[in-house]
Amino acid sequence: MNKPWLSRYPSDVPETIDPDSYSSLIEMFENSVQKFADQPAFTNMGSVMTYRKLEERSRAFAAYLQNELKLKKGDRVALMMPNLLQYPIALFGVLRAGCIAVNVNPLYTPRELEHQLNDAQVETIVIVSNFANTLEQIVDNTSVKNVVLTSLGQMLPRAKGTVVDFVVKYVKGMVPKYDLPGAISFRKALYKGRRLQYVKPFLSGEDIAFLQYTGGTTGVAKGAVLTHRNMVANVLQAKGAYLGKLEVGKELVVTALPLYHIFALTVNGLLFLELGANNLLITNPRDIPTFVKELKKVPFTAITGVNTLFNALVNNEDFHELDFSHMHLSVGGGMAVQKVVADKWKKTTGVFLLEGYGLTECSPLVSGCPHDMSDYNGSIGLPVPSTEVRIVNDEGEVLPNTEVGELQVRGPQVMQGYWQRPEATREVISQDGWLSTGDVVKFDEEGFLHIVDRKKDMILVSGFNVYPNEIEDVVALHGKVLEVAAIGEPHEVSGEVVKICVVKRDPSLTKEELISHCRQHLTGYKVPKIVTFMDDLPKTNVGKILRRELRSETETEKSA
């Protein structure tokens with residue numbers, strides 16, 4: 001197959017990786033905890049957990065699951081918590097017990113939580129007390145038998161943890177009342193587990209490690225079946241792509257995206273663990289002032305995030321006063337990185353913001369900007385090692401690299417399918433292993449991939465395709481704009497017109513200013529016809545703008 005991107009790979013990036021170099025994530029984990037035993041592995045709220053402590057605590061939790069709860073290999077265990085020290089302990093405990101981890105968004109509504117627990121047939125859940133009320137409302141409608149309950153401060157030193165939990169519960173009122181009879185404390189589970197025998201299960205690369213549910217932004221949420229081999233492969237693919245910027249055993253990575261999200265899980269939680277790094281866990285990245293105060297305390301070397309997070313940081317005055325002299329890697333994913341944000345990030349930090357692209361179904365990394373890039377080119381970079389990509393039309397016919405069409409991916413990171421949904425699996429994975437991403441892309445002359453847009457988000461104006469990303473990039477260039485999302489608005493003449501939803505940076509901004517600005521940069525049919533100002537834009541918990549909700553709001557307004 002023609003691979004136009006290979007000639008642009010930095011010299012230290014391999015064309016392929018060996019996805020079987022670790023038999024499972026557990027072998028990878030055991031290698032790291034032995035090699036980096038007394039180095040910090042995770043830091044949260046000022047408390048540090050070494051690799052040795054992570055090994056001891058996760059082994060205790062695995063023993064508790066095996067002996068006290070009688071869990072067997074392949075049983076599903078849900079993890080419903082933000083970034084806390086408890087998360088890696090529970091995660092690796094689940095995997096070391098031979099069980100399958102089912103990550104759950106803590107902000108799920110009762111309806112969403114009930115669907116995921118039932119779909120994955122979960123009988124055991126580890127949950128933070130802040131969200132226990134949600135579970136209480138639906139637990140009787142699920143197969144959940146075992147509830148392991150923790151609190152935000154439970155793994156901190158006892159005095160500090162007591163203060164944190166008191167403030168969270170009684171001062172801030174962040175723990176709604178709940179009643180979950182029979183729930184056991186996470187701390188007590190570890191205490192019991194230390195006195196129980198842990199039996200290491202036999203795991204191969206083909207065993208399932210995660211049921212990683214898609215965000216549910218289109219249709220019902222589905223569980224992507226990700227094996228140990230899928231995850232090991234993607235860790236090594238990310239390592240191959242970024243190792244030129246990283247030093248083994250010497251990194252401190254800022255983990256603001258939640259580890260239950262596939263991007264942070266693979267890149268921060270697993271890749272940096274394999275590298276012997278210290279993960280600085282940010283529990284509430286939406287509290288930007290507190291987040292920045294945490295960054296002041298540590299010589300961080302790397303950070304990952306989404307465009308909205310980077311945008312919020314560069315617009316915070318205190319962030320500009322931080323010491324960036326140790327930082328040498330910043331990676332954006334989850335949504336398109338806008339040029340205006342990338343430029344501000346580089347100007348503020350001195351480090352280029354590398355954009356990556358992936359999807360849950362690919363564990364998630366598919367491509368990334370090479371680590372030697374220094375200027376924004378609007379691309380999602382080059383396919384990571386051992387990854388094949390191609391462009392197809394609506395009929396599934398392979399197109400020349402010069403054409404625009406849907407991106408298909410094949411590689412060891414591609415999921416096995418959707419959990420118990422064979423028809424949905426066949427819709428996206430061909431018999432010869434090609435995954436249809438639903439993203440419209442093109443190659444440039446150097447072999448860089450460019451996202452044109454999601455198929456479903458495309459706006460059709462008088463027969464012309466209009467891609468929201470292009471509109472948003474232009475609008476974001478206006479100095480008085482903080483955030484923007486573009487959607488299609490039904491129109492009786494042209495089929496659709498472009499509508500933009502804008503959050504102002506400067507209150508003086510007017511609709512006329514914006515439209516005049518767009519006319520300078522866009523062809524007539526792409527210029528927004530409707531401008532709506534909003535206080536904020538709807539987002540997922542990791543900061544991805546939900547265009548679907550904006551379209552729903554428009555439809556509701558029209559029907560009212």
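Glutamate 55 touches Phe29, Val33 and Arg96, leaving aside residues up to four places away in sequence; contact means heavy atoms within 4.5 Å. The model is predicted, so local features need pLDDT of at least 70 and side-chain atom pairs count only at pLDDT 80 or more, while totals for chains, interfaces and linings use all residues. Residues are numbered from 1 along each chain as its sequence is written, and side-chain values use heavy atoms, with hydrogens and water left out.

Glutamate 55 sits in helix α2 (residues 51-68). Helices (H or I, at least four residues) and strands (E, at least two) are DSSP runs, numbered from the N terminus. Why does glutamate 55 count as buried? Because its relative accessibility is 16%; buried means under 20% relative accessible area, exposed over 50%, and partly exposed in between, with a 1.4 Å probe and protein chains only.

Helix α4 (residues 110-119) has Leu113, Gln116, Leu117 and Asp119 as its buried residues. These pack against several elements, among them the strands β3 (76-80), β4 (100-103) and β5 (124-128). The helix α5 (132-138) is also one of their partners. After α4 comes glutamine 121, with a positive phi near 55°.

Strand β18 (residues 405-410) has 5 of its 6 residues buried. Two strands pair if DSSP finds at least two bridges between them. The pairings of β18 are set out here.

| β20 (residues 435-443) | antiparallel | 4 bridges | serine 436 |

Of its 32 lining residues, Met45, Leu152, Met174, Thr283 and Asn284 are the closest to its centre. On a 1 Å grid over the protein atoms alone, a pocket is an open set of points where a 1.4 Å probe fits, with protein on both sides within 12 Å along at least five of seven lines, and lining residues have an atom within 4 Å of a point. Helices α6 (158-171) and α10 (288-296) each supply at least two lining residues, and α6 gives the largest share, 4 residues. By class, the lining holds 18 nonpolar, 8 polar and 6 charged residues.

The unreviewed UniProt entry annotates residues 470-544 as "domain: AMP-binding enzyme C-terminal". Over residues 470-544 the chain is 24% helix and 33% strand, with end C-alpha atoms 17 Å apart.

Notes: UniProt positions are given in the numbering used here, feature names are shortened, and annotations may be inferred rather than shown by experiment. Ala, Val, Leu, Ile, Met, Phe, Trp, Tyr, Cys and Pro count as nonpolar, Asp, Glu, Lys and Arg as charged, and the others, Gly among them, as polar.
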